[in-house]
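Thanks for asking me to look this over with you. Below are my notes, written as numbered points so that you can follow along in the viewer.

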Amino acid sequence: MQEVFARASAIKLVIFDVDGVLTDGGLYLSDDGQEYKVFHSRDGHGMKMLQYTGVRIGIITGRTSQVVNHRMENLGITHVYQGQQVKLPAYEHLLEKLNLQPHETAYVGDDVVDLAIMQRVGLAIAVQDAHPLVKQHAHWITPKPGGRGAARDACELIMEAQGTLEAQLEKHY
């Protein structure tokens, strides 16, 4: 765990996948093609707290959905890349745009499409119910599954490593 904390202490940007990480991976579609997703409120609050500490958040997802735009807007997340069947170019664009090095970034993923980025970041995080190959390439695995608190786990790990978690929690009591 000491190595994980060392990696987490250098993080300036955390990138999340959506389906299977910020959601449970289920795709809810109506007869008219409308797509619905369920996001966990505690994940959102963890992401807000992390942003308050100065760590930026990005989204890179293979699917495209208006509900993702709405949720990320609500959370104040502006670095959103949707429709990225191959995710690595979006990651490289984000590094260049924010003038960051790979060791300053973390990625939270759940499936094999996330591996290309996970193998380049300073801190690769897999959600508890990720594909076995993704878990094998992760530096850390969240205690909770995707869409059920995994993003909050990742945010709190980084804040704890950076010494900012207690101050964020104290704001609420």
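1. In which sense do strand β4 and β5 pair, and over how many bridges? Strand β4, residues 56-60, pairs with β5 in the parallel sense, and three bridges hold the pairing. If you want one spot to look at, find G58, which has H79 of β5 opposite. Please keep in mind throughout that this is a predicted model.

2. Now step back to the whole chain. The protein chain contains eight helices and eight strands. Its C-alpha atoms fill a box of roughly 50 × 40 × 30 Å along the principal axes. A compact globule of 173 residues would have a radius of gyration near 16 Å, and the protein chain has 15 Å, so the two agree. Buried residues make up 50% of the 173 residues. Among contacts with a separation of 6 or more, 54% come from residues 24 or more positions apart.

3. Next, the sheet. Six strands form an open sheet in the order β5-β4-β1-β6-β7-β8, with parallel pairing. The edges belong to β5 (79-81) and β8 (140-141); each has a single partner strand, so one side of each is left without a neighbour in the sheet.

4. β1 and β4 run parallel and are joined by four bridges. V14 has I57 of β4 opposite, and the bridge partner of I15 in β4 is G58. β1 also pairs with strand β6 (residues 105-109), again in the parallel sense, over four bridges. Here I15 has Y107 of β6 opposite.

5. Which way do the side chains of β1 point, and are they buried or exposed? L13 and I15 point one way, V14 and F16 point the other way, and all are buried. β4 is mostly covered as well, with four of its five residues buried.

6. What packs on this sheet? Look again at β4, which pairs with β5 over three bridges. Helix α2 (residues 41-52) packs on the sheet and touches both β1 (13-16) and β4. The direction of helix α2 makes about 135° with that of β4.

7. Helix α1 (residues 2-9) and helix α7 (residues 150-161) have axes that come within 8 Å and cross at roughly 85°. The two helices, α1 and α7, are therefore roughly perpendicular to each other. On the α1 side the contact involves V4, F5, A8 and S9, which meet L157, I158, E160 and A161 in α7. The residues of this contact divide into six nonpolar, one polar and one charged.

8. Finally, a loop residue. Where does V121 lie? V121 is in the loop between α5 (115-118) and β7 (123-126). Its relative accessible area is 6%, which is under the 20% cut-off, so V121 counts as buried. Leaving aside neighbours within four places in sequence, V121 is in contact with Y91, P102, T105, A106, Y107 and H139.

Technical notes
Residues numbered from 1 in each chain as written. Predicted model: local features only at pLDDT ≥ 70, side-chain atom pairs only at ≥ 80, totals over all residues. Heavy atoms only, no water. Pairing = 2+ DSSP bridges. Contact = heavy atoms within 4.5 Å. Axes fitted to C-alpha atoms, helices over the stretch in contact; angles between N-to-C directions. Parallel < 35°, antiparallel > 145°, perpendicular 65-115°, else oblique. Nonpolar A, V, L, I, M, F, W, Y, C, P; charged D, E, K, R; others polar. Buried < 20%, exposed > 50% of the residue type's maximum accessible area, 1.4 Å probe, protein only. Rg over C-alpha atoms; globule rule 2.2 N^0.38 Å.
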